Amino acid sequence: LSELTAAFNVLTGKIEHLIYDVYEKKIELVQTQIQLLRSQVNPHFLYNTLDTIRAKALLSGQNELGDMTLLLAGILRYGISAPGEMVRVETEIEKLKEYLALQKHLYHNRFSENISIAPDVLDLMMIKFILQPLVENSLYHGLVAMEAPGILEILGYRDGNRLIFLVTDNGVGIQADKRLTSIGLKNVHRRLRILYGEECGVKIASQPGMGTVVTACLPVITREDIKEDEHANDFDR
C-alpha cells in the first residue's frame, strides 16, 4: 500500500507538471500570436489607403511607386491574415519573392538573391510567415550595412521527417550576444518550438565579417496529414 501510494503521488505530480506545461505553452503561443497581430488594427482601412496611394501614383506617372505600393499591400495582407494558417511551401516562397522585390526597390538592388527550393517540398504544408522574418534579419543586420552589394541565398529541402530552410548571407555577421534578439527571429523560434517541440526552431551560425547562416527546422507535413487532423477534430467534436 505504501509503494502504491508513493507511485500514485509521483504520477499525480507528473500529471500536474504536464497540465502546467501545456497551459504555459498555450499562453506563450497566444502572446506570440498577439505580437504578430498588433498590426491588424483597421486592416481594411490600410488596404484601401494603399490602393488609393497606388492609383494616385499611377495617374501621376510614378509607376515604380505604384508597383511598390501593390507589393506592400500583398505582403501585409499575407502576414496579417490568420498568422497560424497552414500554406503550401510554394505559396510561402511566392510571397517571399514579393517581399524581396519590394526590398530591391527600397535598397536599389544593393543585394542579389538565389532561391533554391527542392521540387519535392513545394507541395508540403507549413505555418505561414516563417521565411520573411529570417530574410529580413539577413537584410537589415547583414547586407544593408555593407558598402558592396551583398548576396542572399535561400535553400529549402527535406531531410527525413524534417523540412529545412537555410538563409545565408555574406554580410557583416552577428555577434554571439546579439543572436536571436530580433523580435522576428524570436517569434519564429517560439512558434516552431511551441507547435512542434524542442527538435524544431531556429539556429544561427555567424561570425563577424564572415556572414550568417540561419537554419529553420520544421516537421514534414503533407496535405493528407492536414486532412487527417481535420477529420480527427471533427470526430472529437
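## Basis of the model

Residues are numbered from 1 along each chain as its sequence is written, and side-chain values use heavy atoms, with hydrogens and water left out. Because the model is predicted, local features need pLDDT of at least 70 and side-chain atom pairs count only at pLDDT 80 or more, whereas totals for chains, interfaces and linings use all residues.

## Helix α6

Helix α6 covers residues 183-196, helices being DSSP runs of H or I with at least four residues, numbered from the N terminus. Its 14 residues reach 20 Å from first to last C-alpha, close to the 20 Å expected at 1.5 Å a residue, where the expectation is 1.5 Å times one less than the number of residues.

Buried residues (under 20% relative accessible area, 1.4 Å probe, protein chains only) of α6 are Leu185, Asn187, Val188, His189, Arg191, Leu192 and Ile194. After α6 comes glycine 197, with a positive phi near 100°.

## Cavities

A cavity is a set of points on a 1 Å grid over the protein atoms alone where a 1.4 Å probe fits but cannot get out, and its lining residues have an atom within 4 Å of a point. Two cavities of 30 Å³ or more are counted, volume being the space filled by probe spheres set on the points, which are joined across faces, edges and corners.

The largest cavity, of about 40 Å³, is lined by Tyr78, Glu92, Lys95, Leu96, Phe129, Leu131 and Gln132. Helix α4 (89-107) and α5 (131-143) each supply at least two lining residues, and α4 gives the most, with three. The second largest cavity, of about 30 Å³, is lined by Tyr107, Arg110, Phe111, Leu143 and Val144.

Definitions and conventions. Buried < 20%, exposed > 50% of the residue type's maximum accessible area, 1.4 Å probe, protein only. 1 Å grid on protein atoms, 1.4 Å probe; cavity = no way out; pocket = protein on both sides within 12 Å on 5 of 7 lines; lining within 4 Å.
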